[in-house]
Amino acid sequence: MKRLTRKFAALFGSDIGHSFLRSPGALFSTLVLLILIAAALGAPLLAPQDILDPRTFDLLSANTPPWSANDLAGHFYAFGTDDQGRDVLSATLYGTRVSLLVALVAVLLSMSIGVTLGLVSGYFGGRTDAAIMRIADVQLSIPAIFIALLISGLSRTLLAPGVRDTLAIYMVILAIGFSGWVTYARTVRGAVMVEKQREYVQAALMIGLPTRTMLLRHILPNVRRPILVIATISLALSIITEATLSYLGAGLPPTQPSLGTLIRSGQDFLFAGEWWILVFPAAALLTLALAINVLGDWLRDVLNPRGL
């Protein structure tokens, strides 16, 4: 406990901690992000209704406006209900949880692929570098959302309906993950090409340090700052990409509600007067993405002031 306390004290006493405490945008976005993450993780405890269990839906309370009690059942719903009597607050909490999970795992996948290829490309150079960068150039010429749609579409075509719905969340993670590795690879490659010319690398080569040890224990820690910035910004982009895929019907099925599927289902009721079915999930998506972007911009300015 004392060791952890010392680490926190050292962090907030550093230049980064000082900049964080003096940045209202970073402080506010971090607070909002922590609240949303806590609400998403605590969805099973905080949500008034288990939206994964249709038996908890109350058809008598269908289409109840927010901040009012239903005339028939008399139940109060803060965010209202949809046409099936599903509590919109509960759906938003569970949807935020799923969207965060998909985006976080997809970012970790993109980071793993991109950082690995960037390290190999920048360190070895030659034909290896040329081959990896040409693949990256080809992928950069294709919009990321198109690549995600292509992978998601292929999975929906090749898999049986029952298997497809079961594996939908994994397919979406793969689609988003494989569409976002290029930024990591190009950034890490450039940083590695600079680092491998430094004296500590030359000294390590002279004493016969293994290549794997050199890359993972010495070069990688020195290029982690831009990786952290890219990962933070990519998290917001992954959340939006998942919502886009689900909104277009190429992402998660309605049985695995995310913010995208909730927005898609709420669109049908927007002009029928039940605006809350769409507005609250959309507001959660906007708030989540905006908070992460603001925090990412601050990290970029602090950790990499000369730009990526």
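**Figure 1. Packing of helix α6 against helix α10.** In this predicted model, α6 (residues 126–140) packs on α10 (residues 181–195) at an angle of about 140°, with the axes 10 Å apart. Axes are lines fitted to C-alpha atoms, for helices over the stretch in contact, and angles run from 0 to 180 degrees between N-to-C directions. Helices (H or I, at least four residues) and strands (E, at least two) are DSSP runs, numbered from the N terminus. The two helices are therefore oblique to each other; angles under 35 degrees count as roughly parallel, over 145 as roughly antiparallel, 65 to 115 as roughly perpendicular and the rest as oblique. α6 passes α10 in a left-handed crossing (near helix turned anticlockwise from the far one by less than a right angle; clockwise is right-handed). From α6, D129, I132, M133, I135, A136, D137, Q139 and L140 meet W181, V182, R186 and R189 of α10. Contact means heavy atoms within 4.5 Å. By class, 7 of the contact residues are nonpolar, 1 is polar and 4 are charged. Ala, Val, Leu, Ile, Met, Phe, Trp, Tyr, Cys and Pro count as nonpolar, Asp, Glu, Lys and Arg as charged, and the others, Gly among them, as polar.

**Figure 2. Packing of helix α5 against helix α9.** α5 and α9 (residues 168–178) pack at an angle of about 45°, with their axes 8 Å apart. That makes α5 oblique to α9. The crossing is right-handed. On α5, the contact residues are L101, V102, V105, A106, L109, S110 and I113; on α9, they are I169, V172, I173, L174, I176, G177 and F178. This contact has 12 nonpolar, 2 polar and no charged residues.

**Figure 3. The largest nonpolar core.** This core holds 42 residues. A nonpolar core is a set of buried Ala, Val, Leu, Ile, Met, Phe, Trp, Tyr and Cys residues joined through side-chain atoms within 4.5 Å. Buried means under 20% relative accessible area, exposed over 50%, partly exposed in between (1.4 Å probe, protein chains only). L119, Y184, I219, I239, L288 and I292 have the most contacts inside the core. The largest share, 10 residues, comes from α15. Beyond its neighbours within four places in sequence, I239 touches S99, L100, A103, L285, L288 and I292. Another core, of 12 residues, lies apart; A106, A148, V172 and I173 are among them.

**Notes.** Residues are numbered from 1 along each chain as its sequence is written, and side-chain values use heavy atoms, leaving out hydrogens and water. Local features need pLDDT of at least 70, side-chain atom pairs count only at pLDDT 80 or more, and totals for chains, interfaces and linings use all residues.
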